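Dear colleague,

Please find below the structure that I am handing over to you. My notes on what was found in it follow directly after.

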Amino acid sequence: MSEIKHGSVAVVGGGIGGIQAALDLADSGFYVYLIEEGPAIGGRMAQLDKTFPTNDCAMCMLSPKLVEVGRHPNVQIITLASVESLEGRPGNFQMTIRQRPRYVDITRCIACGRCIASCVYQDTKFPSEFEVGLGKRKPVYIPFPQAVPLAAVVDPQTCIFFKSGRCPQNCLKACERGALDFTQTEKLFMLEVGAVIVAPGFDPYDARRVGEYGFGRYANVLTGPQFERLLSASGPTSGKVLRPSDGKAPKKIAFIQCVGSRDLRHQRYCSAVCCMYTTKEAIVAKEHDHQIEPTIFYIDLRAYGKGFENLVKRARAEHGVRYIRSMVSQVTEIPETKNLLIRYRDESGSLQEEEFDLVVLAVGMGPSAKGQELARRLGIELNEHGFAKTSAFNPVMSTREGVFVTGAFTGPKDIPETVVQASAAAAAVEALLAPVRGTRTHAKDYPEELVPDGTPRIGVFVCHCGSNIAGVVDVKSVAEYAKTLPGVVHAENVLYTCSQDNLKHMKEVIREKRLNRVVVASCTPRNLAALFQDTIREAGLNKFLFEMVNIREQCSWVHSDQPEQATEKAKRLVRMGVAKARELKPLSVQSVRVSPAALVLGGGLSGMIAALTLGDSGFETHLVERSAELGSDLESADVQGLKAKLLDAVRVHPKLRVHTNTTVREISGFVGNFSSVLRSPQGEERIQHGVVIVATEAYEHKPSGYLYGEDARVLTQRALEKALTPQASPGLFTVPPAAARCTVQAEPAEDEAHAPRAQGRGEGQLGKTIVMIQCVGRTERRPYCSRICCAEALKNALTLLEQDPDRQIYVLYREMISYGFFEDLYRRARDGGVVFIRYDEQSPPVVCKENDQLLVTVRDAHLRQELVIKPDLVVLSPGVVPDPYNEELSRLLKVPLDSHGFFVEAHIKLRPVDFASHGIFLCGGSHAPGTVPELIAKAQAAAGRAAIVLSRGQLEAGGIIASVDPEKCTACLTCLRECPFGAVFINEQGLAEIEAVKCQGCGICAADCPAKAIQLGQFEDAQELAMLEELFRPEQVALKALTPSPLPRRGEGERGRG
Amino acid sequence: MTNDEPKIVAFCCHYCAFAAADLAGVLRLKYPPNVHIIRLPCTGKLDALYLLKAFEAGADGVIVAGCLEGSCHFISGNLRAKKRVLVVKSLLPRLGIEPERLEFFNLSSAQGDRFAQIAREMTERIKSLSPMRGEESESKSGVDAL
Ligand code: FES
């Protein structure tokens, strides 16, 4: 391997996957170039209204991430850019980038929209990319309201100036900031990076190609992504579900599944997300408009992820969503009404016709065209479906060393899986570039903080924002008014508060006038507060001595029709801001040293992968396993090679310490500083560590009934798998040779056989007629889908057939969960003659014996007939159950379990491998069942997230956190009960105290404390009440008559925190 | 403030409701200028006392707006807040204040139009009630009596 040189990484693709990878890397000591094709980052997730299975608002989750990555000092976002070529070797790549002109200087643009309003095109005319063609935009536009970078862009394809050269260029004149620049040209430049992460995402399948459904011809046939925009409150119809043809509210909506997916004419594979996104869309549509009657036409309902089944149940029971199992053969339009006639065969086989007002096509995920081109330029291979080729044992590694792939580029997947893979790819990069960590990032130096002398000296800056505010609000009079407020020693108007020259000016004023509080009245604090806080910090002020007043989004923009009232309101808002500023206190941020070691609980596949990934990144790791052996969950034949490699790698790794036969007796502390006692037969040992990864696995459930345990011819899929010879494995988890590397230590895994022939049963003894029963024991108590059983059954069925093509195999199933590329197995099994019989949840198959002949009785849900099969062998898929040890871990670590015993992550979409408590991460089957590659990605991701904490060396604690006044605390324990993060503890004095590192600053405890003993920094009661009082203070009260400001308060400035 | 417009304060959580209010601005929607937003990190921070103080100080109406259920960035803040609002609502009649003057809303950050609508609707709702002014001293003692 060539030398590892550059501590910088190129992340190509600015969707949720790319953003997550960029943040993970930038937070752990690497400089990131985030390269995006389009004018803004955000990707497909930005276009979604809600996300399944929780129906959380997509933008609410994404927008803070956009802002975070946009402001991150170690991320450079490069938009309108594509990769030309990649030269070099891992650790030392040269990437050439081509950047198209934006024609707008993003450092000047303030996204006020004046250029758009002044464009010669009076009407929005061109289909908006963001609105998937449903909305329109002008040639100059802002991609979407929350876009990052938040700036206009000129599209040369539609702009008259570029088309004809004859345009008055009103936009140029309208822009008060001189941000438009038609002289910009294309740029070619080179980046030096140590590694590359490729995350170009997917393309929704082009519904036009499925001609029988009439998309593109019939106005009221939409695609799923379009419907998503209709549902979005910020979409083209402001969240009203309306028909494109006449703008009327539709009543009957049909959703057609598998459009372009699972179809030999189109995409062979299953797109893995459509069943759920449609279910979500149906529910949300119903919530928007009660009149709507949604009907979903589907082939198999694949609700296989955590919480999916529940969502479908709710859709049926609570929202009356009608599910019809049928492939729709045709959609035709009724010309008069533009309604749509759907022709389908119902379950009894008879042909039906039904009229709908609107049809939504659940288009699948196709490989991204741009991604394919990118792959060519990067020199990485694609698989047979056109997605990036990866190794099963390292699901984020491409075929070129040092280039990692993630998200839907590697195959259809949902947001959590994308986020998991992004973190996994970041972890893989961290391991590769560990020697150069921190060489390209920079931390800013700030002057020492001035200690405020207590008396408020407030400076108020009232922004014109060009005419955005000043065009409505009389900003001069607002600034004049501010001067009259108690505590204010300086007030002025600024054209653009956020401009570089003003920031400089602000710092000068702070010094000159010895300001110790700053109020900025301008736009929303959500975007720029951090910038101003940083500025006052540069001037030596504590950054919490700042208050921002929103007189743009929440005043001038919403009251432009009432300028006088708007001005009065702006004054009131400034008065409130100043009142709060008078009460502000400096808050301290403390550094806490991090113990640079990790504790990984569970020595199965996930635990070993997580530990190796951390070890490779240079962190000492304790791998703790209760049983005597590591990897006992790796039973099946096709992973024996992997198991052997992992065991070897773990054994020799210099950074790993393996503790088998060991349990955790005690664990205390918090992120960065945990202390645990490990107990083993050799005795007890105390270890210090900065993070914990819970990596326990799930195991095959032991079935009851079905003659299991009574007759040796009834066995489980896992047992069958052991009995099958590994050579015959159809390659479910096969490894593309050169790319198979789990860790730096592990050698490429050839698919050699290590599996013992379990139970001494040779292939000849398995019999000719074999019945497989899926979803065994999946009842009320274990209602969840175990996700992996169908693929296992298919794989085993194919192996059985390969051994003896004369075998007759029956698979009895409820839904065939062959999601993603597993669909290939399903097709091959059907083609190979496997008989699939669907049974209803209510009438599971029965296994009995007659004169030593096994009999399986099943009611075929399709034929509505009872069938009796006489098999030689019955194979059960009993699903998986989480490790029973989880309960103890849950108690020890105070982390939550769901009702089935699986761990609950911090956020199902965006923090899938974090616990809500900081510093504790999760992976493994005990989080959720998964295939080997899925578990590997999750384990890598957990390790990557943990490495962020460890790589810092120091953690910041404090700032906006709660603290208890011991004088007032009555130890009523309310805060202890209500804190969602377990940050409250009872100290030696028997009083409540808050662990600064754990506190997230929500203020729940402060509001609930009956003794008012708890205050949340920056949101103290005195500060909030001061705002309230000022808001309602009658105007006529002479301001000078106000009581002198209550500051300084006790020990102002010295008040320590934490 | 003009005399005929009711004075309304809206306690909004930073992550969703405040963002929705921003979006209302970005979309240039309109609502009456008598609605004033106070930003909280989460509605979980909303002290029941603030609600009473708001009425005491002279509010005609109070809006509390947090994330959608299940979407609070601090897990349970909006559920706590909702409870507190319900408790205060039940107390208001004893102070001679109509409970309709106080309302809790769940909003996503994408619901700019919903925010504007809430602001309009609350204003209308309060206008339809008989005015609260003139009894300030009474309501003050009422709050203190609690
Ligand atoms: S963060 Fe919005 S209610 Fe808690």
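**Cavities**

The largest cavity has a volume of about 340 Å³. Here a cavity is a set of points, on a 1 Å grid over the protein atoms alone, where a 1.4 Å probe fits but cannot get out; grid points are joined across faces, edges and corners, and the volume is the space filled by probe spheres set on the points. Lining residues have an atom within 4 Å of a point. The largest cavity is lined by 23 residues, and those closest to its centre are Arg718(A), Ile788(A), Glu792(A), Gly930(A) and Val932(A).

Please note that this is a predicted model, in which local features need pLDDT of at least 70 and side-chain atom pairs count only at pLDDT 80 or more, while totals for chains, interfaces and linings use all residues. Residues are numbered from 1 along each chain as its sequence is written, chains are lettered from A and ligands numbered from 1 in the order in which they are written, and side-chain values use heavy atoms, with hydrogens and water left out.

Three helices of chain A, α18 (717-723), α19 (789-803) and α22 (932-952), each supply at least two residues of this lining. Helices (H or I, at least four residues) and strands (E, at least two) are DSSP runs, numbered from the N terminus. The greatest contribution to the lining of the largest cavity comes from α19(A), with 3 residues. By class, that lining has 12 nonpolar, 4 polar and 7 charged residues; Ala, Val, Leu, Ile, Met, Phe, Trp, Tyr, Cys and Pro count as nonpolar, Asp, Glu, Lys and Arg as charged, and the others, Gly among them, as polar.

The second largest cavity has a volume of about 220 Å³. Of its 19 lining residues, the closest to the centre are Met548(A), Val549(A), Asn550(A), Met1027(A) and Ile37(B). Two or more residues of this lining come from each of β28 (546-550) and α15 of chain A and β2 (35-40) of chain B. In the whole structure, the search finds 17 cavities of 30 Å³ or more.

**Interface of chain A and chain B**

The contact (heavy atoms within 4.5 Å) takes 54 residues from chain A and 55 residues from chain B. Together the two chains bury about 4,700 Å², of which 63% is on carbon and sulfur atoms; buried area is the accessible area (1.4 Å probe) that two parts lose on being put together, summed over both. On the side of chain A, the residues that lose the most area to chain B are Arg526(A), Gln554(A) and Phe1032(A), together 14% of what that side buries.

Between the chains there are 6 salt bridges, each a side-chain nitrogen of Lys or Arg within 4 Å of a carboxyl oxygen of Asp or Glu. One of the salt bridges joins the side chains of Asp1008(A) and Arg84(B) (3.1 Å, N to O). Among the elements that give two or more residues to the side of chain A that touches chain B are α13 (525-538), α24 (1004-1008) and α25 (1021-1032). The element that gives the most to that side is α25(A), with 7 residues.

**Backbone features in chain A**

The peptide bond from Phe52(A) to Pro53(A) is cis, with omega near -5 degrees, and Pro53(A) is in the loop between β3 (50-51) and β4. A cis peptide bond also runs from Val148(A) to Pro149(A). Arg864(A), although not a glycine, has a positive phi of about 55 degrees.

Notes
1 Å grid on protein atoms, 1.4 Å probe; cavity = no way out; pocket = protein on both sides within 12 Å on 5 of 7 lines; lining within 4 Å.
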